[in-house]
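Q: I would like to learn how to read salt bridges in a protein model. Can you take me through them with an example?

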Amino acid sequence: MEVVEVAALEGCDDERSLLWLLKVDGVMVVGGVTKKRKRGHQETSKNNKTNNVSSSLFDISSYPKTIVCLHLSLTVCTCLHETQIVEKQKRVQQETKVSTTNNTCTTVGTSSDCSTNVGDPWMIKKVLTKSDLDDNCRLLLNRDLAKKWVVPVVDKAKAANEGVEVEVFDVDTGFPLSLTFKIRPSNDSHVFNNTWITDFVDRRSLKKGDEIGLKWNEEKKRFDFSVLHRSDDN
């Protein structure tokens with residue numbers, strides 16, 4: 001605790017006030033006490049009543065984190081500790097709200113596509129469905145996530161025609177692979193195909209309910225791939 005300023009103020013009706021400005025854990029605290037003067041106390045001159053009072057002591061607006069203690073205690077009041085707890089709770093709630101806002105998940109039937117920026121590097125996550133593993137020979141991506149994370153890093157015009165081959169690195173096994181990203185104009189679906197079944201489904205023994213993740217590696221100019229969770233049936 002650091003004492004910043006202390007000032008005495010002579011008032012009317014035989015009263016004397018003592019005001020102080022303290023700095024506790026980086027927080028400015030204003031407090032004060034008032035008491036009656038004893039009879040016969042030497043009167044001070046009117047010009048000296050406020051000479052020792054700094055205007056900054058009363059300029060609370062100049063301290064963005066000032067707490068005014070109304071208990072007028074010369075010790076560190078408990079209201080300061082309680083106020084710091086409340087402020088900490090507010091910060092946690094705000095951070096949680098931001099985290100929830102930045103977390104985007106879309107669930108369709110048994111398929112779940114998720115993207116998050118807070119504490120999770122995987123831009124695209126998907127719980128695999130039967131259609132991702134059968135003769136369709138493609139991984140169907142959530143349209144919004146594909147437009148946000150895939151389309152900006154590929155040739156969109158080419159993707160809408162013959163498709164764009166992209167490098168994919170399996171971070172779990174250390175295998176460099178590739179996939180073809182294609183946009184199907186007929187239904188505006190966004191898929192990864194070509195070697196999806198052979199190099200990913202068969203090689204990694206992927207099953208329905210497994211969750212996979214994809215993220216763009218800006219430094220390597222490739223997509224990183226990982227099996228994030230295995231289904232309970234595996």
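The dialogue below goes through the salt bridges of this predicted model.

Q: How many salt bridges does a search of the whole structure find?
A: The general idea is to look for a side-chain nitrogen of Lys or Arg within 4 Å of a carboxyl oxygen of Asp or Glu. Here, the search of the whole structure gives eleven salt bridges.

Q: Are K126 and D132 buried or exposed?
A: For this, one reads the relative accessible area, and under 20% means buried. K126 and D132 are both buried. They form a salt bridge, with 3.1 Å between the closest N and O atoms.

Q: Which parts does the pair of R230 and D210 tie together?
A: Start with the contact: R230 and D210 form a salt bridge whose closest N and O atoms are 3.0 Å apart. R230 lies in the segment after β13 (222–229), while D210 lies in the loop between α5 (196–202) and β12 (211–217), so the pair ties together parts that are 20 residues apart in sequence. D210 counts as buried because its relative accessibility is 0%. R230, at 39%, counts as partly exposed.

Q: What is the distance between the closest N and O atoms of E218 and K221?
A: In the salt bridge of E218 with K221, these atoms are 2.2 Å apart. E218 has 47% relative accessibility, so it counts as partly exposed. K221 is partly exposed too, at 48%.

Q: Which residues are linked in a network of salt bridges?
A: A network of salt bridges links D170, D172, R203 and R204.

Definitions and conventions
Residues numbered from 1 in each chain as written. Predicted model: local features only at pLDDT ≥ 70, side-chain atom pairs only at ≥ 80, totals over all residues. Heavy atoms only, no water. Buried < 20%, exposed > 50% of the residue type's maximum accessible area, 1.4 Å probe, protein only. Helix = DSSP H or I, 4+ residues; strand = E, 2+ residues; numbered from the N terminus.
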